[in-house]
Amino acid sequence: MNNKVRRSLNTVLLNILAILLIVYIIGPFVWMAAASIQGENELLKKPPNLIPENPTLDNYNYVFTGKIPTAYEVKGQIRSRISQEARLIGPAVKNSFIIAISVMAINLFFGTPAAYAFARLRFRFKNPSYSFILASRLMPAMAIAIPYYVIIRTFHLLDTYLSLIMVNSVITLPFTIWFLTLYISNIPREMEDAGLVDGCTPFQSLTKILVPMMAPGLVAAGAFAFMTSYNEFLFARFLTQTIKTQTGPVIIASIAGNPDVSYSLISVCVTLGLIPPLILAISMRKWLTEGLSASVTYH
Amino acid sequence: MGKANDVQFERARPRIWDRLYPYLSILPALIIIALFTVYPFVYAVRISFFQNLLTKPRSHPFIGLQNYEEVISSYYFRSALTVTALYAIAVVLGVLIFGLGVAMLLNSNIRLANGLKIIILLPWAIPTVVAGLMWKWILNSDFGILSGILYSFGLISSYIPFLANPTLAKISLVMAHIWKEGPLAAIFFLAGLQLIPKELYEAAKIDGGGGWRLFRNITLPLLRPIILIVIVYETMTAILVFDLIYVMTGGGPADSTALLSWFAYAEIFKSLNLGHGVALAIIIALITLVLILIYLRLLKTEEINV
């Protein structure tokens, strides 16, 4: 009996902890989304409403069409808080998306054959080149940011997609190669051996036999590369100059740095900018979790 | 390579191809990485030996190690080193405790665990700048929702300036950092927990072990490799943190949250002293490298002992 009471008390305690954790984890997201459908006046009240009193899509309407929300016309002085920059979030998310998709493609296209070679083939300089690729990630971004800037400027590639795609590929490729090498090493060799007996070249055994078997690993590696470059901020800030290439994080940081900006408009930008990674994280959850788990438990 | 080809020809070609194939498959990736690692690194080291003021773009005299000396003897170096060390320790400990706790919660059989598994990766998936921005707002001293909630429950009489007080600002940063990085550690630990055979716990329970003893004698030792991975990884992210500080505090108030990496940025973009900034960045790289080597050493001795 005593044991039973203790066990149910335990369950209650765990549930309370779980609820607190859920609030801590998704609270910021929920508040951001709630703030984006409120007028500025309502948002600056003390204390603010947790649940919006007069929910409105005016802020979104402004970002997409440029129509000034009615909430801003109530008090004249707030009108200056309308920031034109908020309207850049659409193109910025598009830029982030194009860059992230390209980086993902490059990672899979160049990373997969490299990982296959490291996992399965024997050749000279295999270990040094593998170690070199992994060690390249130890360099702090701040130390190479300036050299990157100089290189990109020398090639007249500032403010181009190409420069950001290159830089983000360099950042993500080592992880992709390491991750896929581990992944391939953990796939049994029998199928490939059978293929080799039948006269497959290494390339054929990679594309015809291995790739279909490692689809989950490829999906996870692709998602990691996508997220890393979608979220990258430091290099994007140095290497972009106009909205032609500025990414979501760059625009959001720049809007937020403006002391006069409207908070409900920032919330709109943040909410819109978060949609792609959140959708990706939820829909790819199973692969991501498996991939992350694999990266610490495979040896 | 059609099948109608001469037999000898067909055999000779695949052999060379086979020998070249491994190199061809690693070369593109290797070239891209080398191009953007070796050259920038050499370039950075070179910059650090020259005077390089962005206000004087035409004169770059060679000054040897003077940039390093000036950075180390600067007014901020000692305090920034202390702040960095404190921040790293707080973040590493915080992420470890959070990660372990959350992983055990996820691994328990309560019903909410499934819901938690869906949302736990969300903070990890978003840009750090955006995470920092969201927390900056929640903690705002004029309209922040955290103060707002505490205020409406009557727990405080006036809003708390979380980011304007040196101590609270540090705690706030660490909290936001744990929010962003903790989930990844939780997933790592969960993976580790799921590998521990249930029989081990059952056997120990028969021997009369309580919850804490099970945790100390079974869970912790078996998670040791993952704990070390998390420590290495989190030490790196803590020392190199930039995005979060950039949006949340800008190093303030009064440099209380200015880590070494922040000063590397400030030297370059605020003092416009490229030489100092890059020298500091290289010092940070060396500190990180030394720490990682120490950890790896520990990891090795652990393996021998076990």
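This is a predicted model: local features need pLDDT of at least 70, side-chain atom pairs count only at pLDDT 80 or more; totals for chains, interfaces and linings use all residues.
Residues are numbered from 1 along each chain as its sequence is written, chains are lettered from A and ligands numbered from 1 in the order in which they are written, and side-chain values use heavy atoms, with hydrogens and water left out.

Where does A:Q38 lie? A:Q38 is in the loop between helix 1 and helix 2 (40–43) of chain A, helices here being DSSP runs of H or I with at least four residues, numbered from the N terminus. Its relative accessibility is 0%, so A:Q38 counts as buried; buried means under 20% relative accessible area, exposed over 50%, and partly exposed in between, with a 1.4 Å probe and protein chains only. Leaving aside neighbours within four places in sequence, A:Q38 is in contact (heavy atoms within 4.5 Å) with residues including A:W31, A:N49 and A:S264.

A:T160 lies in the loop between helix 7 (141–154) and helix 8 (161–185) of chain A.

Now to the aromatic rings. The whole structure holds 35 aromatic pairs over all chains, where rings of Phe, Tyr and Trp (its six-membered ring) pair if their centres lie within 6.5 Å, and planes under 30 degrees apart count as stacked, over 60 as edge-to-face and the rest as tilted. One of them is A:F226 with A:Y230, a stacked pair because the ring centres are 5.9 Å apart and the planes stand at 15°. Both residues lie in helix 11 (residues 215–231) of chain A, four residues apart, about one turn of the helix. A:F226, at 5% relative accessibility, counts as buried, and A:Y230, at 2%, counts as buried too.

In chain B, the rings of B:F50 and B:F62 have their centres 5.3 Å apart and their planes at 80°, so this pair is edge-to-face. The charged end of B:R46 sits over the ring of B:F50, 5.0 Å from its centre, which requires NZ of Lys or CZ of Arg within 6 Å of the ring centre and within 35 degrees of the ring normal. B:F62 is exposed, with a relative accessible area of 55%.

Finally, how do the two chains meet? The contact takes 85 residues from chain A and 82 residues from chain B. About 7800 Å² is buried between them, with carbon and sulfur atoms giving 86%; buried area is the accessible area (1.4 Å probe) that two parts lose on being put together, summed over both. Between the chains there are nine residue pairs in polar contact, both residues at pLDDT 80 or more. Helix 1 (residues 2–36) of chain A gives the most to the side of chain A that touches chain B, with 15 residues.

Conventions: Helices (H or I, at least four residues) and strands (E, at least two) are DSSP runs, numbered from the N terminus. A polar contact is a pair of N or O atoms within 3.5 Å; within protein, one must be able to donate a hydrogen and the other to accept it, and residues adjacent in sequence count only if both atoms are side-chain atoms.
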